[in-house]
Every structure is written in C-alpha cells, then in structure tokens.
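Subject: Structure handover

Hello,

Here is the structure I promised to pass on. Please open it first, then read my notes below.

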Amino acid sequence: QSDRGNTKWTTLFSSQLAAVIASCPPKSKAPCTFSEAGIASFLAAHRHTQAEIYYILCGRGTVTIENVEYEVTPGTTVFIPGDAEHAVRNEGVEELRWLYVFPGKFEDVVYSFRHE
C-alpha cells in the first residue's frame, strides 16, 4: 500500500474514450485478498482535468468529491466534474469494484494527489 492507496485497475479500452475497471480490496483480511486486517483500502484524494463517471459494480464504499461524502453500493452512478478533488474508500468486507470512464486516452490523464 502506498500513500496513493491500494487500488488496482485494468484498462478495457483507451482511445477517444477510456473505460477502466478499478478495485479496492476489503478492509478485513479475507481469502484471496491482499489487504491486512483493519487497514483501510482506498484511492487517495486526487484531481485531473478530465470529468469522470463511476459506476459501482460490487461492494460498499464512500466516494468523496470536494469534501462531500457519498455512500456507494452496486448500481450507484457518480459524476465527478473535471478538476474536482475526489477519493474512494472501501467500507465493506468485500472487494469494492467500479467501472470508470472519461474522455480521451487513459495515458493522457495527469493525476495530482493532494499529499504530493
């Protein structure tokens, strides 16, 4: 785990539109996960110029946008405006997985993390 969090992602495609599957492991230690018991699973607060849409596939968590927290569960859709600071935290005992999309190529996104 780093200061940026322990989120893993898989790029589905990246051209005029990028689509990515991201996941945070559970907070509690469980079979087939890599988190330690009691250690938070998260994607640290960051921003980028591209607007973004999250669609929650499984798990339970919190998405924070500009210091406002939103509880997310499967089926929740969240819009994140361009340049808005946002973060994700897994609140559950299962993996939190979401699809996210934004315009352009994934390789062109410049992430700016609050603590860096």
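In which strand is L12 found? L12 sits in strand 1, which covers residues 8-14. Keep in mind that this is a predicted model.

**Overall layout**

The protein has ten strands and zero helices. Read from the N terminus, the order of elements is β-β-β-β-β-β-β-β-β-β. The protein has 116 residues, and 41% of them count as buried.

**A patch on the surface**

Go back to L12. Its relative accessible area is 49%, so L12 is partly exposed.

**Two residues to look up**

Start with S23. S23 belongs to strand 2, residues 17-24. Is S23 buried or exposed? S23 is buried, because its relative accessible area is 15% and the cut-off for buried is under 20%. Now find C58. S23 and C58 are 35 residues apart in sequence. In space, their C-alpha atoms are 9.2 Å apart.

Next comes Y55, in strand 4. Y55 has 36% relative accessibility, so Y55 counts as partly exposed. Y55 and L99 are 44 residues apart along the chain, yet 5.1 Å separates their C-alpha atoms.

**The largest pocket**

How much space lies in the largest pocket? The figure is about 250 Å³. The lining has 16 residues, and the closest to the pocket centre are T7, W9, L43, Y111 and F113. Three strands each supply at least two lining residues: strand 3 (41-47), strand 4 (52-58) and strand 9 (96-103). By class, nine lining residues are nonpolar, five are polar and two are charged.

**Salt bridges**

Side chains of opposite charge can pair when their charged atoms come close. How many salt bridges does the count come to? The count is five. Here are some to find on screen.

- E66 and R47: their side chains meet in a salt bridge, at 3.7 Å from N to O. This pair links distant parts of the chain, 19 residues apart. E66 is in the loop between strand 5 (61-65) and strand 6 (68-72), while R47 is in strand 3. E66 counts as partly exposed, at 40% relative accessibility. R47 counts as partly exposed too, at 30%.
- E69 and R89: the closest N and O atoms of this salt bridge are 3.6 Å apart. E69 lies in strand 6 and R89 in strand 8 (residues 86-90), so the pair ties together parts 20 residues apart in sequence. E69 is exposed, with a relative accessible area of 52%. R89 is partly exposed, at 29%.
- R97 and E95: in this salt bridge the closest N and O atoms are 2.7 Å apart. R97 is partly exposed, with a relative accessible area of 32%. E95 counts as partly exposed, at 29% relative accessibility.

Which residues do salt bridges that share partners join into one network? They are E69, R89 and E91.

**Where to start**

Then move to the largest pocket and pick out W9, one of the residues closest to its centre. Finish with the network of E69, R89 and E91.

Best wishes

Notes. Residues numbered from 1 in each chain as written. Predicted model: local features only at pLDDT ≥ 70, side-chain atom pairs only at ≥ 80, totals over all residues. Heavy atoms only, no water. 1 Å grid on protein atoms, 1.4 Å probe; cavity = no way out; pocket = protein on both sides within 12 Å on 5 of 7 lines; lining within 4 Å. Points joined across faces, edges and corners; volume = space filled by probe spheres on them. Helix = DSSP H or I, 4+ residues; strand = E, 2+ residues; numbered from the N terminus. Nonpolar A, V, L, I, M, F, W, Y, C, P; charged D, E, K, R; others polar. Buried < 20%, exposed > 50% of the residue type's maximum accessible area, 1.4 Å probe, protein only. Salt bridge = Lys/Arg side-chain N within 4 Å of Asp/Glu carboxyl O.
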